[in-house]
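Hello,

Here is the model I promised to pass on.

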Amino acid sequence: MLEFPLNLEKQDIPPLSMALGYFDGVHRGHQQVILEAKRQAIQLGLSSAVMTFDPHPSVVLGKDKRHVQYISPLTEKIKIIEQLGIDYMFIVHFTAEFANLLPQEFIDQYIIGLNVKHVVAGFDYTYGRMGKGNMETLPFHSREEFTFSVIPELTEGNEKVSSTRIRSLLREGKADLLPNLLGRYYTTTGIVIHGDKRGRTIGFPTANIDVDDEYIIPPLGVYSVRMKVNNTWYQGVCNVGYKPTFNQNAKKISIEVHLFEFDQDIYGEEVVVEWHLYLRKEQKFSGIEELVRQIEQDKQNALHYFKENRQIF
Ligand SMILES: Cc1cc2nc3c(=O)[nH]c(=O)nc-3n(C[C@H](O)[C@H](O)[C@H](O)COP(=O)(O)O)c2cc1C
Ligand SMILES: Nc1ncnc2c1ncn2[C@@H]1O[C@H](COP(=O)(O)OP(=O)(O)O)[C@@H](O)[C@H]1O
């Protein structure tokens, strides 16, 4: 992986076929762009590359300076793109200065200057100050130094597959609808931390996960999930919430997963939660007995879900 500023001369970089995009989520539309860059690389005898930007342009340009949340924060995005088998990744730090480059300056410095011989981007990709450069202006800005392919809009159910659509489904808890758009289930990577140590005393030990706040967390409630621990996937149930049965004024949201057929100490481990299906709202129960009865029911519902979808797992 290469990060800007690059201390490389053009002659040190192999000729590239490069996919351009912000690629939050690396969804099915993004995958078409990236895989086309790879296909063109093979056909034209080039190395494949992806150029992406960090942080999200809205952090630098937006009026709304709130903390931005992603479908795939940078490290997750890098992992997913690596799995697509791309040779080089360029991560451009998106600054006010970068956003101010004229379209021709962007093409000269970041495309022609990096020895790019073929560009692949989606039909609505824009570049340069105020997004003035687009796929129609690209032939003029290319100075005939590279060729390019434009990937048409990918739709699903008559609607564009987009990061915005995925973000809103995620915020509505519709994890089960995401594979149609993402090409996989939604995942969040985090570290197992210590909780209140109550879980194992009620027969449901739960791994409390500290998830980076750059991720979009699905809404409060109980979900069927899978969790990857040391490269093995386990089925389980996850509660996202404040545990109102025990806490009156909890401020920090907790994400905790009870795994079936699992009995290991995994404090401090990095784990991946794969979100499958929203099961119910988080509730305040009158006591432990009622809570335990409900968690047992959640477990049965999740087991049923995994059994019904056995062909996938
Ligand atoms: C599947 C599942 C569903 C849960 N549902 C609720 C709930 O509706 N209300 C609640 O107060 N706590 C709920 N919890 C959280 C439990 O209260 C929590 O796991 C228990 O207190 C242990 O916490 P600890 O791991 O911090 O010790 C749920 C936990 C799991 C695993
Ligand atoms: N089936 C399981 N699912 C989740 N965690 C488990 C399981 N079995 C053992 N553990 C371990 O036990 C811990 C959870 O126990 P718990 O009493 O809920 O403590 P805590 O409140 O610290 O999470 C997990 O972090 C993990 O290390």
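The span 181-307 has its end C-alpha atoms 23 Å apart, and 17% of the span is helix and 39% strand. Helices here are DSSP runs of H or I with at least four residues, strands are runs of E with at least two, and both are numbered from the N terminus. UniProt, in an unreviewed entry, gives residues 181-307 the feature "domain: Riboflavin kinase". UniProt positions follow the numbering used here, feature names are shortened, and such annotations may be inferred rather than shown by experiment.

Before going further, some housekeeping. This is a predicted model, in which local features need pLDDT of at least 70 and side-chain atom pairs count only at pLDDT 80 or more, while totals for chains, interfaces and linings use all residues. Residues are numbered from 1 along each chain as its sequence is written, and chains are lettered from A and ligands numbered from 1 in the order in which they are written.

Now the whole chain. It has nine helices and 16 strands, and its C-alpha atoms fill a box of roughly 70 × 40 × 40 Å along the principal axes.

The chain divides into domain 1 (2-160) and domain 2 (185-312), with bounds from an automatic or database domain assignment. Their C-alpha centres lie 36 Å apart. Six residues from domain 1 and six residues from domain 2 make the contact, where contact means C-beta atoms, placed from the backbone, within 7 Å. On the domain 1 side, three of these residues are nonpolar, two polar and one charged. For these classes, Ala, Val, Leu, Ile, Met, Phe, Trp, Tyr, Cys and Pro are nonpolar, Asp, Glu, Lys and Arg are charged, and the others, Gly among them, are polar.

β13 (residues 221-229) runs antiparallel to β14 (232-241), and nine bridges join the two; strands count as paired if DSSP finds at least two bridges between them. Val222 has Asn239 of β14 as its bridge partner. Two residues separate the strands of this hairpin, and Asn230 there takes a positive phi near 45°. On to β15: six bridges pair it with β14, again in the antiparallel sense, and Cys238 stands opposite Val257 in β15.

Which residues come nearest to ligand 1? Of the 23 around it, they are Gly195, Arg198, Gly199, Asn239 and Thr245, a residue being near if its C-beta atom, placed from the backbone, lies within 6 Å. β14, β15 (254-259) and α9 (288-308) each give two or more residues to this shell, and α9 gives the most, with three. The shell has eight nonpolar, eight polar and seven charged residues.

Ligand 2 has 20 residues around it, and Gly195, Gly199, Arg200, Pro205 and Leu259 come nearest. Here β12 (207-211) and β15 are the elements giving two or more residues. By class, the shell holds seven nonpolar, seven polar and six charged residues.

Asp124 is partly exposed because 14 other C-beta atoms lie within 10 Å. Asp124 and Gly21 are 103 residues apart in sequence, yet 10.0 Å apart in space, C-alpha to C-alpha.

Best wishes

Key. A residue is buried if 20 or more other C-beta atoms lie within 10 Å of its own, exposed if 12 or fewer, and partly exposed in between; C-beta atoms are placed from the backbone. Two residues are in contact if their C-beta atoms, placed from the backbone, lie within 7 Å.
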